[in-house]
Amino acid sequence: MSINHGIKSSGIRRLTHPQSWKDRFADLVIVILLLAVVASIIYPIWFIIIASVSDQTMVNTGQVNWLPKGFSLYGFRQILGDGRIWNGYRNTLLYTVVGTALNLVVTMPAAFALSRRELRGRRLIMLFFTVTMFINGGLIPTYLLYKQMGLLDSWAVFVIPGAVSVYNLIIARSFFETSIPEDLHDAAQIDGAGWFRYLTRVVLPLSSAIVAVIGLYYMVGHWNDFFTGLVYIRTYDKQPLQIVLRDILLSNQAFQGGSGATSGAGYGQEYADQIKYGVIIVSTLPLLVIYPFIQKYFNKGVMIGAIKG
């Protein structure tokens, strides 16, 4: 009885042994560094939010630091009341949804095929894919190619040319190679499943993490696509949100009326910065809303696909 009590007591003492001052100091330093990193990330976002609803004179003079002052929603009313914003949102949502769906439909089967050792010449095919990451035809040849393909001034120019990203293809291929047991394929063959059925019924359901990660990568790329609309689109009604927001910021109408009165679509000089901060929030809010729901897949998806063995 006493022996057991002594063992339990010694075990408790080992578990509750106090940390040395060096360990406590190291923990304190780590906590401080982590808090500093978190603050450096969160505060700029918070400042943009409070600046977008504050009096810009106070913002420019450094009086707004933690809470909004001179609260006003004028900037958001002007932005959301502009029909160009909603047209740009509609176009960007269309390009993002259709483009991301096409990206996944093309990337996942291609990555699965390149992960199979049965595919002859897969290393050579992968080399051709990889070369495109470092070498491209340049702007003028690309423009002429899109013109011959009939993609200029068409919504398809946002979707078809970027149907596959080699970087995402490599991540997905590595995931399939290292995370999908070969025994599953053997079992599927015994059950009479072909390659397509094996991919759709077995592999993809087990790859939800990497699908979510790559899907978000593609989604962010489409949502932030600025260059495509700037170079290849001429009809303003087809422009994405990013071009519309740029035009709002650079338009002469946004800087008319130094006294604060607005005429037509003019916003007034003192509201120019408020418009700018509001535009940042309007353009990033959808991604900020979506990200928390799939953030949990990031470490699981990318790290598994990046580590072999």
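**Helix 5 and its neighbours**

I started with helix 5 and helix 8 (residues 166–179), which pack at an angle of about 50° with their axes 8 Å apart. The axes are lines fitted to C-alpha atoms, for helices over the stretch in contact, and angles run from 0 to 180 degrees between N-to-C directions. Helices are DSSP runs (H or I, at least four residues), numbered from the N terminus.

A note on what I am reading: this is a predicted model, where local features need pLDDT of at least 70 and side-chain atom pairs count only at pLDDT 80 or more, while totals for chains, interfaces and linings use all residues. Residues are numbered from 1 along each chain as its sequence is written, and side-chain values use heavy atoms, with hydrogens and water left out.

Helix 5 and helix 8 are therefore oblique to each other; angles under 35 degrees count as roughly parallel, over 145 as roughly antiparallel, 65 to 115 as roughly perpendicular and the rest as oblique. From helix 5, I listed T107, M108, A110, A111, F112, L114 and S115, which meet N168, L169, A172, R173, F176 and E177 of helix 8 (contact means heavy atoms within 4.5 Å). I sorted this contact into eight nonpolar, three polar and two charged residues. Ala, Val, Leu, Ile, Met, Phe, Trp, Tyr, Cys and Pro count as nonpolar, Asp, Glu, Lys and Arg as charged, and the others, Gly among them, as polar.

Next I took helix 13 (residues 241–250), which packs on helix 5 at about 155°, the axes 7 Å apart. Helix 5 and helix 13 are therefore roughly antiparallel. Here R84, I85, G88, Y89 and T92 of helix 5 meet L241, V244, L245 and I248 of helix 13. I counted six nonpolar, two polar and one charged in that contact.

Then came helix 11 (residues 208–223), packed against helix 5 (residues 83–115) at about 140° with the axes 9 Å apart. That makes helix 5 oblique to helix 11. Among the residues in contact are Y89, G99 and M108 of helix 5, and I210, G215 and W223 of helix 11. I found 11 nonpolar, eight polar and no charged residues there.

Methods: Helix = DSSP H or I, 4+ residues; strand = E, 2+ residues; numbered from the N terminus.
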